Amino acid sequence: MLTLTRSVGESIRIGEDIEVYVVEVRGGTVRLGFKAPREVTIHREEVYKQIAEANALAAEVAADAMAALAAFAPGTDRSA
């Protein structure tokens, strides 16, 4: 892990097109600002985890549904 020290108003760069600004430091809280292309998604960690869990659950349900539908697909004689 890279650890950097920045003050309010200073920034860091990630690659060519992502910039992270220190907007405010108050007590134990740091406010950050981000400049990035629209196609780059930025989430708080807890939101990212919720999205990943929802996607994993959806994939499981989709796989179960596909398996159930396969039993009814034409040309899949399972009696042999």
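**Salt bridges and the hairpin**

1. Glu 46 is partly exposed, with a relative accessible area of 45%, where buried means under 20% relative accessible area, exposed over 50% and partly exposed in between (1.4 Å probe, protein chains only). Glu 46 forms a salt bridge with Arg 44, the closest N and O atoms lying 2.7 Å apart, and Arg 44 is exposed at 55%. A salt bridge here is a side-chain nitrogen of Lys or Arg within 4 Å of a carboxyl oxygen of Asp or Glu.

2. The model is predicted, so local features need pLDDT of at least 70 and side-chain atom pairs count only at pLDDT 80 or more, whereas totals for chains, interfaces and linings use all residues. Residues are numbered from 1 along each chain as its sequence is written, and side-chain values use heavy atoms, with hydrogens and water left out.

3. The structure holds five salt bridges. Among them is that between Glu 10 and Arg 6 (3.6 Å, N to O), in which Glu 10 is partly exposed at 31% relative accessibility and Arg 6 is partly exposed at 39%. Glu 24, Arg 26 and Arg 31 are linked in a network of salt bridges.

4. Arg 13 stands opposite Glu 19 in β2, and their side chains meet in a salt bridge (3.5 Å, N to O); Glu 19 is buried, with a relative accessible area of 14%, whereas Arg 13 is exposed at 53%. Strands are DSSP runs (E, at least two residues), numbered from the N terminus.

5. β1 and β2 form a hairpin with three residues between them, and Gly 15 in the turn has a positive phi of about 65°. The two strands pair in the antiparallel sense over four bridges, pairing requiring that DSSP finds at least two bridges between them.
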